[in-house]
Amino acid sequence: MVHFAEEGKKPFCHEWASIRMIDHMFERNSLSEAFAAHGLEDGHLHVIQQLILGAEDEAPPFFPWTDPPPEKKWLYQIVANKANGIDVDKFDYFQRDCRALGVSK
């Protein structure tokens with residue numbers, strides 16, 4: 001297996017690892033069937049991975065990027081907000097770090 005840093009000539013990136021992890025979970029656990037049972041297709045999985053990456057220039061070279069329709073571009077700001085950095089990923093960090101430090105309010 002090639003390491004991420006070798007593939008993209010870039011240091012390790014947790015977003016790249018996340019999309020690889022999603023692929024692994026789907027393959028290992030046959031989750032496509034569960035997705036299909038809820039009306040979801042492989043294309044939906046690809047969109048989820050793109051939401052994690054946030055922008056085409058953040059995608060690894062092995063990942064085929066598909067531009068979202070203009071009316072859906074705002075969705076990409078929820079998980080990986082490139083405009084101002086405030087996104088659900090950061091809120092998750094705040095919650096995790098506060099809990100680890102014993103900060104409750």
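**Entry 1: whole chain**

I looked up the surface first: the protein exposes about 7700 Å², and carbon and sulfur atoms supply 59% of it. The areas come from the Shrake-Rupley method with a 1.4 Å probe, and for residues only the protein chains shown count as cover.

I note that this is a predicted model, in which local features need pLDDT of at least 70, side-chain atom pairs count only at pLDDT 80 or more, and totals for chains, interfaces and linings use all residues. Residues are numbered from 1 along each chain as its sequence is written, and side-chain values use heavy atoms, with hydrogens and water left out.

I found six helices and zero strands (DSSP runs numbered from the N terminus; helices are H or I with at least four residues, strands E with at least two). Of the 105 residues, 26% count as buried (under 20% relative accessible area; exposed is over 50%, partly exposed in between; 1.4 Å probe, protein chains only).

I also read the contacts (heavy atoms within 4.5 Å): among those with a separation of 6 or more, 42% come from residues 24 or more positions apart.

**Entry 2: Ser30**

I placed Ser30 in the loop between helix H2 (14-29) and helix H3 (31-37). Ser30 is not a glycine, yet its phi is positive, about 50°. I list Ser30 as partly exposed because its relative accessibility is 44%.

**Entry 3: Asn81**

I found Asn81 in the loop between helix H5 (76-79) and helix H6 (88-101). Asn81 has 11% relative accessibility and therefore counts as buried. Leaving out residues up to four places away in sequence, Asn81 touches Tyr76, Ile86 and Asp87. The Asn81 side chain also reaches the backbone nitrogen of Ala83 at 2.8 Å.

Definitions and conventions
Polar contact = N/O pair within 3.5 Å; in protein donor to acceptor, adjacent residues only side chain to side chain.
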